[in-house]
Amino acid sequence: MDYVRPTAGTATVLGFDAQQETRAIHERVGILPDGYGLYDRLSGRKHLEYAISLKRASDDVDDLLDRVGLDKTAAERVVGGYSKGMMQRLALAIALVGDPELLILDEPSSGLDPNGVRLVREIARDHADRGKTVFFSSHILSQVESVCDRVGILNRGQLVAVDSIDGLRDALGTGSTVTLTVDAVPDSLTLAEINGVSEVAVDDRTIRVRVDEATAKVDVIDQVRSDGAAVLDVTIEESSLEDLFSAYTGDAPRQGDAPEGER
Amino acid sequence: MTPEPIWLTIARKEFADALRSRMMWGIVAIIAVMTSLSAGISLLVPGADGGPEMAIGGASQFAGILVPIMALIAAYLAIAGERESGSLKVILGLPPSRGELLFGKFLGRSGVVAIGLTLGFVVSGVATAALYGGLPVSAFAGTTALTVLLGVAFVGIAIGISAVTSTRSRAMTLAITAYLGLTLLWDLAPNAVHLLVTGEMPGQEVPAWFLLLQGFSPTGAYNALVQRQLLGAGTAVEARLGGPAPAYLDPAVFLGILVAWAVVPLAVGYLRFRRADLS
């Protein structure tokens, strides 16, 4: 977004050079920046009117307010009296001005209550459903997981992975964990021989098996039963984005690492 | 219809903000009251042969001290304040470029200062006319225009300062430094140089370069121009020099100096701001 000047190299956004063609980029992109501020003395409506005139857009202020769930009486008040959540909604509305081809949301959920967080998710989905791209940057991995089609992981300034969450799982082999509760662990447990099983751990009456391939899960259950145990309970956990993140960045993620997602 | 240029949109918004914050009315009130008072003062001094020209001269003396402060206050936070609050990221996330933002801000704030000063001077013009029973309109209008130019020069300096600093407090420090340096300290500089060159303090007659040095600051250039406006071209200068004035003391030179004080800080500010990292 041209906030930071490069020391070397080139970058393009939507096919435009990030240094030479900033105007073209800024006309097509909407951004909710991290660490932004608004004008305390201006009303919410004035903010949107200003953004619309600067972007030469023709949006209707009331439509934008509706989309972010900010009511009209609040929009007449000055922003100095807004709560963090209201400011975030207004900033989100500013980002939506001109129906941008690319919507960049940098830590969009900070300061929002659960309803606000859900709203951000809905706006991101809604925008993607209109055929636009949403670039979603967050440290809150559960959100990334629930919103993003493709995920990129940055580690110390390097993009270490870009793929769908399933793709990342497959690539790393951090598949899923099958946990079985049995009446008694059979002496002759032969699970390690099954294709796709990477790790077996037994603790009292629970057997924990890590599998890299989806089909191996059923094989594991069948094998336990044919080894002579009765299965009382089965839980299957897919590895979370958090596990994937740790796997890609080393076990102790450093400060400043952020997964970034795209829809 | 072609849309208005983006810097004009920004300038309009800056202007509207200043009206909303009553900054402009503050300028009008202060200038109106102070210049009216100083215009009236020569009536109170017994034996002073004050005409309306003297009154305007008195008002301009006051303006030379007040206008720089007001213009600096009106504009020193224009960029730095937004940078600190983060609203700069929102604006620069929208289409405006950094140059357009800077120019729009300069234009908007200059407009506020210019209109505030003009209205304030109109009030004191009416007061002067009432006190002295007449007003030399062209000299008065000329002085008003020069005062506006002085205000715009300091808006340029303030915007330049605002563009090179990233926090409000640094901008304030620089603005105060600029004020002290350009209005108060600069008055001493020619005397100090005179002392160094000739070994004595300047007397009744001074060398020509002394007047140039005096007129090199924005306020100095303003004073030189106002003096000539009110007392007629050349005569005051020649009296001071004890001979004909060299070409470099032409009013056009001082006009150029005043304009340069608006443009150069703005340009330097832009060059620095263009390369600045915002986060």
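**Where the two chains meet**

Author: Gladly. In this predicted model, B:Glu100 and A:Arg23 join their side chains in a salt bridge, with N to O at 2.3 Å.

Reader: How many salt bridges are counted between chain B and chain A?

Author: A salt bridge needs a side-chain nitrogen of Lys or Arg within 4 Å of a carboxyl oxygen of Asp or Glu. B:Glu100 and A:Arg23 meet that rule at 2.3 Å. For chain B with chain A, the count is 1 salt bridge.

Reader: Which helices of chain B each supply at least two residues of the side that touches chain A?

Author: Polar contacts also cross this interface, in 15 residue pairs. On the side of chain B that touches chain A, at least two residues each come from α1 (6–20), α4 (80–85), α5 (87–93) and α6 (98–132).

Reader: How many charged residues does that side of chain B have?

Author: Chain B brings 31 residues to the contact, and chain A brings 27. By class, the side of chain B has 12 nonpolar and 8 polar residues, while the charged ones number 11.

Reader: What share of the area buried between the chains do carbon and sulfur atoms give?

Author: Chain B and chain A bury about 2,500 Å² between them. Of that area, the part from carbon and sulfur atoms is 59%.

Reader: How far apart are the end C-alpha atoms of residues 171–189 of chain B?

Author: An unreviewed UniProt entry annotates "transmembrane region" on several stretches of chain B, including residues 171–189. In the model, residues 171–189 of chain B are 100% helix and 0% strand. Their end C-alpha atoms lie apart by 25 Å.

How values were computed:
Residues are numbered from 1 along each chain as its sequence is written. Chains are lettered from A and ligands numbered from 1 in the order in which they are written. This is a predicted model: local features need pLDDT of at least 70, side-chain atom pairs count only at pLDDT 80 or more; totals for chains, interfaces and linings use all residues. Side-chain values use heavy atoms; hydrogens and water are left out. Contact means heavy atoms within 4.5 Å. Buried area is the accessible area (1.4 Å probe) that two parts lose on being put together, summed over both. A polar contact is a pair of N or O atoms within 3.5 Å; within protein, one must be able to donate a hydrogen and the other to accept it, and residues adjacent in sequence count only if both atoms are side-chain atoms. Helices (H or I, at least four residues) and strands (E, at least two) are DSSP runs, numbered from the N terminus. Ala, Val, Leu, Ile, Met, Phe, Trp, Tyr, Cys and Pro count as nonpolar, Asp, Glu, Lys and Arg as charged, and the others, Gly among them, as polar. UniProt positions are given in the numbering used here, feature names are shortened, and annotations may be inferred rather than shown by experiment.
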